[in-house]
Amino acid sequence: MASEGSLNQSLQRLLHAMNSLRKSQTFCDVFLMVGDRRIPAHRIVLAASSPVFKASLTSELKRQKEGRNDLLHMQKSDINLED
């Protein structure tokens with residue numbers, strides 16, 4: 001069984017790799033519009049980390065059968081813009 005320290009290191013590497021993919025827009029399937037800023041994102045990460053995003057993305061998928069949601073509009077006060 002992995003120690004807690006090695007698990008934390010593995011999780012950190014995973015999160016770093018996912019953020020690198022997001023920044024390079026690799027596998028991004030949704031964009032967040034925050035003011036005039038367009039932020040690439042991964043739908044599964046948004047849905048898994050926020051019930052609000054999950055509900056929004058689920059209802060959007062029902063409306064758009066092609067399975068792509070190009071933009072989610074957000075207020076600047078709703079999101080932390082740290083990279």
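Here is a quick tour of this predicted model, from its overall layout to a few individual residues.

Some housekeeping: residues are numbered from 1 along each chain as its sequence is written, and side-chain values use heavy atoms, with hydrogens and water left out. Since the model is predicted, local features need pLDDT of at least 70 and side-chain atom pairs count only at pLDDT 80 or more, while totals for chains, interfaces and linings use all residues.

**Layout**

The protein chain has three helices and three strands, taken as DSSP runs numbered from the N terminus (helices are H or I with at least four residues, strands are E with at least two). Read from the N terminus, the order is α-β-β-α-α-β. The chain has 83 residues, and 24% of them count as buried (buried is under 20% relative accessible area, exposed over 50%, partly exposed in between, with a 1.4 Å probe and protein chains only). Its accessible surface is about 6300 Å², with 56% belonging to carbon and sulfur atoms; the areas come from the Shrake-Rupley method with a 1.4 Å probe, and for residues only the protein chains shown count as cover.

Eight residues make up the largest nonpolar core: Val30, Leu32, Val34, Ile39, Ala41, Leu46, Phe53 and Leu57. Such a core is a set of buried Ala, Val, Leu, Ile, Met, Phe, Trp, Tyr and Cys residues joined through side-chain atoms within 4.5 Å. At least two of the core residues come from each of strand E1 (30–34), strand E2 (37–41) and H3, and E1 gives the most, with three.

Leu11 sits in helix H1 (residues 4–23).

| Residue | Relative accessibility | Class |
|---|---|---|
| Ser50 | 17% | buried |
| Leu11 | 42% | partly exposed |
| Gln25 | 45% | partly exposed |
| Phe27 | 67% | exposed |

Gln25 is in the loop between H1 and E1, and Phe27 is found in the loop between H1 and E1 too. Neither residue is a glycine, yet phi is positive at about 60 degrees for Gln25 and about 65 degrees for Phe27.

Ser50 belongs to the loop between helix H2 (43–49) and helix H3 (51–63). A polar atom of the Ser50 side chain lies 3.2 Å from the backbone nitrogen of Val52.

Methods:
Polar contact = N/O pair within 3.5 Å; in protein donor to acceptor, adjacent residues only side chain to side chain.
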